[in-house]
Amino acid sequence: RQTKFLISAPDIAHLDQYLPGDVGVEIAFAGRSNAGKSSALNALTEQKNLARTSKTPGRTQLINVFALDDDRRLVDLPGYGFAQVPLAMKKKWQAALGEYLQKRSCLSGVVVLMDIRHPLKDLDMQMIEWAVMSEIPVLALLTKADKLAQSAKMKTVNDVRKKLADFGDWVQVESFSSLKGTGKPKVLGILNKWCNP
Ligand code: GTP
Ligand code: MG
């Protein structure tokens, strides 16, 4: 609840100017445009207007950093996979995203958010595979769970768990609703562990 907006950076060179040394712990929120990353950040921190949300995909175009305290940060990343954006702009921010993920060594966990109605698209799988290869733990978070009935929700969670079973303990799968708050205690538990290794 004490989370504070720190900076918006177009790339990690700018991040380094504000946060020299790449120290502490960062947890990144990644996922397709419109998956519900910014909404999840707000729900988890219980701060309605911390991260900007929008019905228009592609809202978050910068690396937005929020401080939990002096050493720990949450990072709202630009969404990937959205076609209706000028190519030059898309290239720029997808490059920033790739750079952040590969070079930021304080990155301690990645939450890959996916709309529960459309999980595990190619780019989601790439993101998960990349993180596990880099030995960064992943929480595959199936968002907008309020859009499905309980039985359909359970089925999707089980299907996704099966598809990601080969990654072992590196990948956990949970469902979540920013709207209803479902899944929040579990997600907070996981983030807490990542923040306090
Ligand atoms: P980009 O910044 O464009 O990458 O999008 P984002 O992933 O940050 O998505 P954002 O949080 O802005 O949410 C996109 C849309 O989904 C908004 O209209 C939200 O209100 C809606 N949304 C997000 N989470 C939920 C949820 O749990 N339930 C429902 N029903 N809608 C949600
Ligand atoms: Mg966003």
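## A serine to start from

S54 is partly exposed, at a relative accessible area of 29%. For reference, buried means under 20% relative accessible area, exposed means over 50%, and partly exposed lies in between, using a 1.4 Å probe and the protein chains only. You'll find S54 in the loop between α2 and β3. Its C-alpha atom sits 9.1 Å from that of G36, and the two residues are 18 apart in sequence.

A word on what you're looking at: this is a predicted model, where local features need pLDDT of at least 70, side-chain atom pairs count only at pLDDT 80 or more, and totals for chains, interfaces and linings use all residues. Residues are numbered from 1 along each chain as its sequence is written, chains are lettered from A and ligands numbered from 1 in the order in which they are written, and side-chain values use heavy atoms, with hydrogens and water left out.

## The overall picture

The protein has six helices and seven strands. Here helices (H or I, at least four residues) and strands (E, at least two) are DSSP runs, numbered from the N terminus. Going along the sequence, the pattern reads β-α-β-α-β-β-α-β-α-β-α-β-α.

How does the radius of gyration fit a compact globule? For 197 residues, such a globule would come out near 16 Å, and the protein has 16 Å, which agrees. That radius is taken over C-alpha atoms, and the globule rule is 2.2 Å times the number of residues to the power 0.38. Along the principal axes, the C-alpha atoms fill a box of roughly 50 × 40 × 35 Å.

Of the 197 residues, 48% are buried. Among contacts with a separation of 6 or more, 71% join residues 24 or more positions apart; a contact means heavy atoms within 4.5 Å.

The protein exposes about 10,200 Å², and carbon and sulfur atoms supply 52% of that. Accessible areas like this come from the Shrake-Rupley method with a 1.4 Å probe, and for residues only the protein chains shown count as cover.

## Helix α2, well wrapped

Eight of the nine residues of α2 are buried, so this helix is largely enclosed by the rest of the structure. The buried ones are K37, S38, A40, L41, N42, A43, L44 and T45. What covers them? The list includes strands β2 (25–31), β3 (63–67), β4 (72–76) and β5 (107–115), along with helix α6 (184–195).

S38 lies in α2, which spans residues 37–45, and counts as buried because its relative accessibility is 7%. Its side chain reaches the backbone oxygen of R52 at 3.3 Å. T45, also placed in α2, is buried at 4% relative accessibility, and its side chain reaches the backbone oxygen of L41 at 2.8 Å. Both are polar contacts, meaning a pair of N or O atoms within 3.5 Å; within protein, one must be able to donate a hydrogen and the other to accept it, and residues adjacent in sequence count only if both atoms are side-chain atoms.

## Two positive phi angles

Most residues other than glycine have a negative phi. Just after α2, however, E46 takes a positive phi of about 55°. E46 is in the loop between α2 and β3 and is partly exposed, with a relative accessible area of 41%.

L120 also has a phi near 55°, a positive value in a residue other than glycine. L120 belongs to the loop between β5 and α4 (122–133). Is L120 buried or exposed? With a relative accessible area of 16%, L120 is buried.
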